[in-house]
Amino acid sequence: MLGLMQDRPLMISDLIEFAAIHHAKEEIVSRTVEGPIHRYTFKDCAARSRQLAKVLIKLGVGQGDRVATLAWNGYRHMELYYGISGMGAICHTINPRLFPEQIAYIVNHAEDKYLFTDLTFVPLLEKIAGQIQKLKGIIIMTDDAHMPKANLPNMFCYETLMAGVDDDYQWPLFDERTACMLCYTSGTTGNPKGVLFSHRSTVLHSFAVCTKDGVGMCNEDTVLPVVPMFHVNAWGTPYAAAMCGAKMVMPGAKMDGASIYELMETEQVTVSLGVPTVWMMLLAYMKENNKKFSSMKRTIIGGAAAPKSMIETFEKEFKVSVIHAWGMTEMSPIGTACNMKKTHKSISAVDKLRLQLKQGRAVYGVDMKIVDGEGQDLPWDGKAFGNLLVRGPWITSGYFKGEGGQILTKDGWFDTGDVATIDPDGYMQITDRSKDVIKSGGEWISSIDVENSAVGCPGIAEAAVIAVPHPKWDERPLLIAVKKKDAQVTKEDLLNHLKKTLAKWQLPDDVVFVNELPHTATGKLLKTQLRSQYKNYKLPTV
Ligand code: AMP
């Protein structure tokens, strides 16, 4: 017997219309590419999203068509999120930090009909225009006064198109499983693959972001997503903020420490989300300039492991609570968040910090388990580590156009490619990406553990550990590190520091100092490049 509840589909358009009614005056503040700070309300955003839907229909965009964005975090990008998905098309966010050829590949693979771009990326598009000829047009996200004299075919001005329509538009209702957003994974190996989110998965994921045991986003918050809207939908912030009516602050193109800090202070931001590399820049700026926060309460660190020293600095020096979180594009992205349980109320500061280094416990909606090489379940004892598998309503079932083939196990689990432990309380800790662990004489060395310890050494700014072939042990770790400005730290200092927390066999066989480390388009260490660069490196232990 079916229940007798109404079967209203979960629609993205309902999120923005809800915000327009219940959080009408709540602000969305953006640092624009053109320069000035722009501010308007959720009510304005809803009206302009409806207007945009009419623009798209006029341009000939239909349900299921892909419409690309190449844009920073800003109010027009919000309108695209809601306007495109709301009218039944698919908003395809593209990471502008990818190589131009990869961007061309993605646009063609997705068969994007139109592309909306911030002014910043016009030169990039001019470079690849010859390779993306199937696009029907490129819309520059600016007003008439700022339109560039670009060498691009079928170029339109966003504000001119918007001025040609009103906001009298009724969002259509359709199957909630309809695709709404498309995001290609950064693709450190092979070509990028598209993850296709649905209205249903996105709305359900927003509920998780708003739960106290998730990100805890709520009406009291002023949220600044430093994580870009082209990196898994800014981790769901644009939707969750509409759901709860949090004020949104969008940093635009300026992600440096000084600009982020200024925006956090002037807009009295309470919560912010980003990858460790951006926090490194912010904390370095604040320390160098003796700055303090006046409103920030918590920060969500994810995308890569949060180093101990970073958690300590945020909490002790700047009085900002850290929520370490884990997820991936294939998971919309949130899987776990490291929130304490009531049983942790009385634990010591040292134990709390130890716990915060873990990526946390699953949010409701995410099932997870760890398995060995044969697919057998491993115990949740905090020690056994194995491949981390997940399943749930906002986790992918396959890549766009079937790339990569059948990706789920027979019983419906998705292999994350991460290696992890899970403790008896359900707290998961990533020990590595499966391809990054160093397999030394039958033992596995976690590159993340060594890196975390290395960045805690005074004078070290960033560190990467990779496996280098070794005739006796198969692989041994090589540490590649960047010193802080003017630091005098030596190889011996660094190894002595590592000895405090690592066993002898886990210590790197050598240390190389470099001026900078390569990063992926989403700000993570690009270990594939390091591995190929150092594949013939002669370790002193050979
Ligand atoms: P992406 O899809 O680009 O966001 O990358 C997802 C991958 O980033 C995951 O599979 C992990 O390997 C890594 N990752 C995300 N969050 C964390 C975290 N908190 N700690 C360690 N690795 C993480």
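**Close-up 1. Ile 140 sits across from Cys 157 of β7 in this predicted model.** Strand β6 (residues 137-140) and β7 run parallel and are joined by three bridges; strands here are DSSP E runs of at least two residues, helices are H or I runs of at least four, and both are numbered from the N terminus. Two strands count as paired if DSSP finds at least two bridges between them. Residue numbers start from 1 along each chain as its sequence is written. As the model is a predicted one, local features need pLDDT of at least 70 and side-chain atom pairs count only at pLDDT 80 or more, while totals for chains, interfaces and linings use all residues, and side-chain values use heavy atoms, leaving out hydrogens and water.

**Close-up 2. Seven strands line up in an open, mixed sheet.** The order is β7-β6-β5-β3-β4-β8-β9. At the edges are β7 (155-157) and β9 (194-198), each pairing on one side only.

**Close-up 3. β19 and β20 make a hairpin.** Strand β19 (residues 414-422) pairs with β20 (residues 428-433) in the antiparallel sense, over five bridges. Thr 421 has Gln 429 of β20 as its bridge partner. Five residues lie between the strands, and Gly 426 in the turn has a positive phi of about 90°.

**Close-up 4. Here's helix α7, residues 199-210.** Its 12 residues should span 16 Å at 1.5 Å a residue, and the end C-alpha atoms are 17 Å apart, which agrees; the expected span is 1.5 Å times one less than the number of residues. Buried residues (under 20% relative accessible area, 1.4 Å probe, protein chains only; exposed is over 50%, partly exposed in between) include His 199, Val 203 and Val 209.
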